[in-house]
Amino acid sequence: MDSKTIGILGGGQLGRMIVEAANRLNIKTVILEKGESGPAKQINANNEHIDGSFNNIDDIRKLADSCDILTIEIEHVDTDALKTIQRETGVKIYPSPETIEIIKDKYRQKEHLVQHGVAVADSVSVESTETALQNVGLKFGFPFMLKSKTEAYDGRGNYVVKDVSYIREALEVLHNRPLYAEKWAPFTKELAVMVVRNVDGEIFSYPTVETIHKDNICHTVYAPARVNDTIQTKANLLAKKAVSTFPGAGIFGVEMFLLPDGELLINEIAPRPHNSGHYTIDACVTSQFEAHIRAISGLPMPKNFTCFSTPQTNAIMLNILGSDMPNGELELCRRALETTSASVYLYGKSTRPKRKMGHVNIVSGSMSDCERKLAYIEGSGGLPITKSTENAVSGTSKAPLVGVIMGSDSDLPVMSAGCNILKKFGVPFEVTIVSAHRTPQRMAKYAIEAPRRGLRCIIAGAGGAAHLPGMVAAMTPLPVIGVPVKGSTLDGVDSLHSIVQMPRGIPVATVAINNSTNAALLAVRILGVFDGKWISEMETYMNSMENEVLDKAEKLEKEGYEEYLATAYGIKPIPDNAPTLEENTEWLQTLNKSHIKDLRTEREEDFTYRVEVRSDIDNEETNSNLLKFKSKKTKRTYSIVKQPTEDDPYHTLSVPANEYFLSSSPFSSLSSKRRPKAESVQTFSDLRVVRLRSGKGGNGEVSFYRDTNIAFGPPDGGDGGDGGNIYVVAVKEMSSLHNLKSRYIATDGTKGKSAQLDGKKGEDVYITVPVGTHIRWCPDPREIRALQKEDYDNYVFHVKTITDDFGSLIPKFIQFFRNSYNIGKGWIFKEKDEEYHLQRDYFNNLNEKVSVFDAQLKQDELYADTFPLDGIDLDKPTEEPVLLLKGGKGGLGNMHFLTPDIRNPRFSKIGRNGLEGNFIFELKLLADLGLVGLPNAGKSTLLRAISNAKPRVGHWEFTTLQPIIGTIPLRIDQPPFTVADIPGIVKGAKMNKGMGLNFLRHIERSGGLVFVVSLGSSDPVDDIKVLIEELSEERLKGKNVLVVATKADVEGSKQKFLDLKSFVEQLSWKCVPCSGKNKENIEKVKELMAECSGRLDYS
């Protein structure tokens, strides 16, 4: 063959099998290994081998002197020595020393792959310290893999760090090693691909296999991998891409992880023959060891040399591992030798527990047969399996002459008739699913391999565009018969046209729509060209058909057609199990357009609100019809820019966008700083924006009554279930809104069912809130936030509203609109499409009547889908849940549409959509009094002194980040009153500085105000002026005000108090000094607070 000599660094089992492959090609090999009894040296006594180390440069130099090519069977060699020898002698080394150097350092290998865009698990180099590994846990989470960068083999050098408690043990196991950590890959399978690269740079790959590991050692290999064709192809492409990034020739083992989402990650690459490739010795055209010899020697690598030996080949490789008992593994070898198609390969090693002593290759025509043999060899099966068992299940012949394929199992009822014909004739056939669109690789493989597997004809069924028959015909020389399957549209005509209109050079035979019987008969006739027995069978069948027709004619003439139908086809009178024709007719007649009471029905242009640029219509000076009114309840002023008309029954309100950035708005913080981070950890919440969505109604069902003797009865499709509603419940037991979610979604109703069964109603959602909660509607917060980036003073929200009294000028409700189908729409067609039905008078007549039902339904929705303009006040516990959003109505089933003109209604109505909206939930009144002051004025200390509350106290600003409420008892015959410690105010709060606008919102929700001014301040009078300026006269109007001067125990406080009192009395307010720290004058403070709250009159 070739006079070249190959030197192998390493004399283990891989070297042994390389030598075997080289010997068959008359290629000489020389082994570098310590000792004379290495596995590779045992089988090659024709040459003098080198007794030495593959990490010693002098020993490697001796090997290089005696050969033309150097290669390796293990990557843990001295790569610096290889580089030096290559420079000195010019000997060829494969793979290249540079490749070996990168790959043998597992972390460098990962970095190299990442740099070349190959997917791997995240990894990081780490020091051998507990702190470093704890940081990795914080970064990657637990568990993670701790690995040695070098000298790792067969699971040695890896450790799973499950949690912090495993870190110390991991460092002990992997001590004195360079380490890296790898993010845990939650794989579902481990796959592997052997990749060959020749000296010309051409890359070839073997099939994708699945590896099973036990105790971190490869136990079994399944070839091909038990995954779909797409995953196998992706793995092949990924493996070849990874190997292409390394220079040099030879064979590479690429291991990878298959993740739950179908993605693949490279685990490790071995620059040599690999355990996962041992199956190739018996299962493939060329073994991995011969492929390696060919690649590095420049020998030919013909087409398909890496393929399975036959298209049906399946294989399992089982590693023979050393037993705990000396030579205990030989019992497994004995069972393997008893099994047909099982080959045993022993490596000539002495026994050691878990040591790789050899392997067994099991090859068969099916994976199930391989698995049965594996079970016996491992000792979990029964008797030895000396021959493959042919599966007697119909359509699973191991030597089929006809292949029956289809794009989906939904085609099987049609294709089964053809299968029955083949079975009747005794034709060996197979049945499987091959989708042209979802499994293109599988389709190509099936078509290409069909002739080699002995098939003589393919029957391909497909619906829709019917690509499967034509695409298979384009890839195989066999005759293909296409069966057009009737689909939900076009009655299968599209399939028929697609098959018969294939381009020149791609012939496809076809039959009538759904007629797989004729396809099977044509296949039998095609087989008759190869074997005359099928012609004889066909003649017999044709004679039997003639006799069958004559018998039927005689029976029909004797019994009469009615009795014949009853006995032959079971056709009997239809039972009265569905809405009668008369009932449906009466219902449809009751639908009269005069039932529509007002105009709130069909308006496609309706909307709840729109964001628009402020125009003349929003200006009182340019719109003479603009009407303003003030709500008695909320004191808010509204502008009506458009009154109802005959065509439009709604009032249109104009709401300036800047209102949503004022102090009373939950969006106020958007216009400046966000709240201090510390507030996010508090549990009290008094304002939340919540998005609500009620459930969609389920669709009506299209179904027909079926019985043993009735193949096609009257319609009995039930109605869809109604969607779930959204309710709110107010209770006394809650005091905060902090448990409110940001979104509540009610479930949809389920679709109707057959036998007149309605679908299940969607589950309702109940939102529990404290008593005192006020709920009002608001626009989508995302739109409000978007306006923050604009000049929002130039924008308005136009909101559709309606009154409860026709003719009234003042609206009371916001009108919601469902994004659902319009009147006369919303049909579900099971077979013919909407365009087909709109061309039929019977449907248009029905739709005209059902449109009135749609209008009534939409009118009912519009009456229900309103929300009070001023919101809902839950000022006491609710006796019944309050409905916020109503779910959609379920669609009508086809049982409602049986009419004299429509006997088989193959249509129903879809369910109505639910409602979606945003709402502000707000606790309206915090307390009878609110403590207002500058930061660090002593409010919290005062509250501690006068009540049982425990607010946060400190020497820094903003110790209070949310309202703290304290209860102050009075005399035994008087009710207590409440005081809220409100977050501190600073100068500029009205411009949203400090706690800013959130502070002002709390002020508005307190009954009376207590200004807390510190006498420890440099100028208390100036402090109270700041408070008055920030609050403004508008906010103080109508409120009782008391001024409490705190820290009266500090030096110099007396004069400051007199100055403060003089200023306060000019405003007709009372002023009282105290020391919260020393609890001095506290009773007087409580007395005046009670008076300010309105609970007592002490004057």
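Colleague: What share of the 1099 residues in the protein chain is buried?

Modeller: Buried residues make up 51% of the chain; buried means under 20% relative accessible area, exposed over 50% and partly exposed in between, with a 1.4 Å probe and protein chains only. This is a predicted model, in which local features need pLDDT of at least 70 and side-chain atom pairs count only at pLDDT 80 or more, while totals for chains, interfaces and linings use all residues. Residues are numbered from 1 along each chain as its sequence is written, and side-chain values use heavy atoms, leaving out hydrogens and water.

Colleague: How many helices and strands are there in the protein chain?

Modeller: The chain has 29 helices and 46 strands.

Colleague: What makes helix α25 (residues 939-946) mostly covered?

Modeller: Six of the eight residues of α25 are buried. They are K939, S940, L942, L943, A945 and I946.

Colleague: Which residues touch the most other members in the largest nonpolar core?

Modeller: Of its 38 residues, those are L692, I767, V769, F919 and F921. Such a core is a set of buried Ala, Val, Leu, Ile, Met, Phe, Trp, Tyr and Cys residues joined through side-chain atoms within 4.5 Å. Leaving aside neighbours within four places in sequence, the contacts of I767 include L692, I726, Y744 and F921. Apart from this core lies another of 27 residues, with I421, C457, A523 and W534 among them.

Colleague: How do helix α4 (residues 79-89) and helix α5 (residues 97-104) pack, and at what angle?

Modeller: The angle is about 175 degrees, with the axes 9 Å apart. Axes are lines fitted to C-alpha atoms over the stretch in contact, with angles from 0 to 180 degrees between N-to-C directions. Angles over 145 degrees count as roughly antiparallel, under 35 as roughly parallel, 65 to 115 as roughly perpendicular and the rest as oblique. That is why α4 is roughly antiparallel to α5. Their contact holds three nonpolar, two polar and five charged residues; Ala, Val, Leu, Ile, Met, Phe, Trp, Tyr, Cys and Pro count as nonpolar, Asp, Glu, Lys and Arg as charged, and the others, Gly among them, as polar.

Colleague: How do the axes of helix α14 (residues 412-425) and helix α18 (residues 516-530) cross?

Modeller: Those axes come within 7 Å and cross at roughly 35 degrees. The contact includes V414, I421 and F425 of α14 and A520, L521 and V524 of α18. Its residues divide into nine nonpolar, three polar and no charged.

Notes: Helix = DSSP H or I, 4+ residues; strand = E, 2+ residues; numbered from the N terminus. Contact = heavy atoms within 4.5 Å.
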